[in-house]
Amino acid sequence: MTDYRLAFRLLNEDLFGLAEQKMDLITELRMNDSVIDGNRKIICFVGPRGAGKRSLAATLARALGQKFLTIRIGQDDDCGAPRYGRSKAGELAGNLLHLMDRNRGQRLLILLDGIEYINPIFQNRTVTSFREVLTISHEHSLRLGHIDQPLNFADVVFVATAREARGITREMLDELKLIQFTGYCDDEKVEIVKRWMIQPNHSSNACCGAAQIDDDGIFDLIRCYTNELGVFELRAVFDRLQRQLVFESTVAGAAPQQRLGRQDLSRYLGPPLYDAASVRNGLQVGAVAMLGRCDGRGVISEIEVLTIPDPRANLVLTGNLDALFREVVMVALSCLRKRSAEYGISPEFLSRHTVHVNAIPGGVLKSGVSSGLAVLLALFSEIKGLPLRADLSAIGEVTLRGGIRRVIGVPEKILGAHRLGIRTLCYPNENQGDIDRLPRELVGGLELIGVDSVDQALMAVFGDKFHSPTAPRARS
């Protein structure tokens, strides 16, 4: 019988933070032990990279006294990573069986890392295979023709990870117990750096004389050189800092600096990449900041709209927009056309002007429906001649009937807004649960406005001006 009280104590001793996730993990493991028919769920950690998913799985294996093995399904690369099809799924299944065959007689914890990368077409078959494994109630074994002895699944704990649950089919979700990871606040990251990254016995620290960095320097390292909810980038930046110190103390022949402050960071790491204290100032007509995410981080681009007098009215889209984003623009424009009388827009205006929508920077591909509300605000601002604040942005999918629907990636986008100067953000009320799970310090500096409809968003941004009957001015 597993001593979960001891396991929970070891989790708290070996891994900082993640209190809610540890509690959910131990609870689910204990409930799986009480399942009589063997139909146990696979625990799946869901959250951004660097949020502690793999670390918690490895620590759990040590706490339970089981050997920790990993099968890598997904990869830590940029957006648009390919999903694995039939041949890759078969290879992964074979790797799992042979991994168990090579570790016979040992209690195993196997991490299925990146389970959402399996193509949804084949996930139903994967579910069937897992159900066969997990519902074995008598011999707890599986006999295969190419393996002499049956494989024993009785003492194997399966844990999966995923960046997000969106790519997992409903059938597979029924077999998973999702545990959400929202990432670390800055105070927790400071403790992680001090406990696990700044160690005198670390090889790079030993080479550079065990240099220390004060708390102010660590905060600046986090806020000015990383933009993530986890600590993936932070590890890379800190390693780069250590390497610079090693170079200075060996090749350059300089005496190693024993204590680093915030003023030393730019010397070793270059100018800050992000400025958490920056403010986007000014007003602009027809332009708004647009929040997105890529590679697990929040990013900002600009959407700008220009109306040009043209008897052959047209819609021009530029700025490296994919087909889905083009549809987002068309939905937002149709929503405004339908409600033109209510918003005081002349019916002839849109039929006599070409609308040009451009996204900046042009070298980055834009995709996704979450920018629908930002696009609509930019369109409305240009058509009505009403300025938008530079420090305002919006996320949300717009429907043809003026509704605002929930979007994904809210934590990363809000972090990007916080890091890059956004101070006011409109978001769908359907995403309130995502907002509530965020660290307080992340949302503390933001004015968050929840909306359910386009009318609410326009009222929040423009006030009573949004339904003014005044016809828009034609601008050349």
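**Close-up views of a predicted model**

**View 1. Helix 10 and its buried residues.** Helix 10 (residues 232-250) has 19 residues, which at 1.5 Å a residue should span 27 Å; its end C-alpha atoms are 28 Å apart, so the two values agree. The expected span of a helix is 1.5 Å times one less than its number of residues. Helices (H or I, at least four residues) and strands (E, at least two) are DSSP runs, numbered from the N terminus. Among the buried residues of helix 10 are Leu234, Val237, Phe238, Leu241 and Leu245, together with the residues Glu233, Gln242, Glu248 and Ser249. Buried means under 20% relative accessible area, exposed over 50%, and partly exposed in between (1.4 Å probe, protein chains only). The model is predicted: local features need pLDDT of at least 70, side-chain atom pairs count only at pLDDT 80 or more, and totals for chains, interfaces and linings use all residues. Residues are numbered from 1 along each chain as its sequence is written, and side-chain values use heavy atoms, with hydrogens and water left out.

**View 2. Strand 3 between its partners, strand 2 and strand 6.** Strand 3 (residues 108-113) is mostly covered, with 6 of its 6 residues buried. Leu108, Ile110 and Leu112 point one way from strand 3, while Leu109, Leu111 and Asp113 point the other way. In a regular strand the side chains alternate between the two faces of the sheet. Strand 2 (residues 67-72) pairs with strand 3 in the parallel sense over 6 bridges, and Lys67 stands opposite Leu108. Strand 6 (residues 157-162) also runs parallel to strand 3, joined to it by 5 bridges; here Ile110 stands opposite Phe158. Two strands pair if DSSP finds at least two bridges between them.

**View 3. Strand 19 and its parallel neighbours, strand 16 and strand 20.** Because 5 of the 5 residues of strand 19 (residues 424-428) are buried, this strand is largely enclosed by the rest of the structure. Thr424, Cys426 and Pro428 point one way, and Leu425 and Tyr427 the other. Strand 16 (residues 392-394) pairs with strand 19 in the parallel sense over 3 bridges, with Leu425 as the bridge partner of Ser393. The parallel pairing of strand 19 with strand 20 (residues 447-451) has 5 bridges, and Cys426 stands opposite Ile449.

**View 4. Phe45 and the nonpolar cores.** A nonpolar core is a set of buried Ala, Val, Leu, Ile, Met, Phe, Trp, Tyr and Cys residues joined through side-chain atoms within 4.5 Å. The largest such core has 47 residues, and those with the most contacts inside it are Leu25, Leu29, Phe45, Ile213 and Leu221. A second, separate core of 42 residues includes Val288, Tyr343, Phe380 and Ile449. Residues up to four places away in sequence aside, Phe45 touches residues including Leu25, Lys53, Leu56, Val159, Ile179 and Phe181. Contact means heavy atoms within 4.5 Å.

**View 5. Backbone features at Leu18, Asn320 and Pro361.** Leu18, in the loop between helix 1 (4-14) and helix 2 (19-33), has a positive phi of about 55° although it is not a glycine. Leu18 is buried, with a relative accessible area of 8%. Asn320, likewise not a glycine, has a positive phi of about 65° and lies in the loop between strand 13 (315-318) and helix 12 (323-338). Asn320 is partly exposed, with a relative accessible area of 36%. A cis peptide bond, with omega about 0°, joins Ile360 and Pro361; Pro361 lies in the loop between strand 14 (353-360) and helix 14 (372-384).
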